[in-house]
Amino acid sequence: QVQLVESGGGLVQAGGSLRLSCAASGLTFSSNAMGWFRQAPGQEREFVAAISWSGGITYYADSMKGRFTISRDNAKNTVYLQMNSLKPEDTAVYYCAAKYSRDYWAIYRSYDEYDYWGQGTQVTVSS
């Protein structure tokens, strides 16, 4: 059974940092492109960042560029999202997602392209 479990969320002041982790099991982690999404109350799910299964290609939403960094450790079956310079607008539930890919360079930016999802972790940024 495939499971993705996020952790690392919490309450942080504006300008602070958090590192989210997503531990995967039940799949061949190195054959899956990974992504991070977020969803605030009353809003649609929003793309945050994506990474190819090789880790060599990353992509970020414009509002996250320069502040967030996605990375992965295939030996640990874990993908990370380092979030710096956090803003109140970043407050949301953050989800990780996995998409099987035959190409080491492939990335995905749409939520409906992903096969598996974690339960989410709450990030709250106070002003």
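A nonpolar core here is a set of buried Ala, Val, Leu, Ile, Met, Phe, Trp, Tyr and Cys residues joined through side-chain atoms within 4.5 Å, where buried means under 20% relative accessible area with a 1.4 Å probe, protein chains only. You are looking at a predicted model, in which local features need pLDDT of at least 70, side-chain atom pairs count only at pLDDT 80 or more, and totals for chains use all residues. Residues are numbered from 1 along each chain as its sequence is written, and side-chain values use heavy atoms, without hydrogens or water.

**View 1. The largest nonpolar core.** This core has 37 residues, and W36, V79, L81, M83 and Y94 are those with the most contacts inside it. At least two core residues come from each of β3 (18-25), β4 (32-39), β5 (46-51), β7 (68-73), β8 (78-83), β9 (92-100) and β11 (121-126); strands are DSSP runs (E, at least two residues), numbered from the N terminus.

**View 2. Around Y94.** Neighbours within four places in sequence aside, Y94 is in contact (heavy atoms within 4.5 Å) with residues including L20, W36, R38, F68, L81, M83 and V123.

**View 3. D90 and its partners.** Look for D90 in the loop between β8 and β9. D90 is buried, with a relative accessible area of 2%. Its side chain makes a polar contact with the side chain of R38 (2.8 Å); such a contact is a pair of N or O atoms within 3.5 Å, one able to donate a hydrogen and the other to accept it, and residues adjacent in sequence count only if both atoms are side-chain atoms. The backbone nitrogen of K87 also lies 2.8 Å from a polar atom of the D90 side chain.

Notes: Buried < 20%, exposed > 50% of the residue type's maximum accessible area, 1.4 Å probe, protein only. Helix = DSSP H or I, 4+ residues; strand = E, 2+ residues; numbered from the N terminus.
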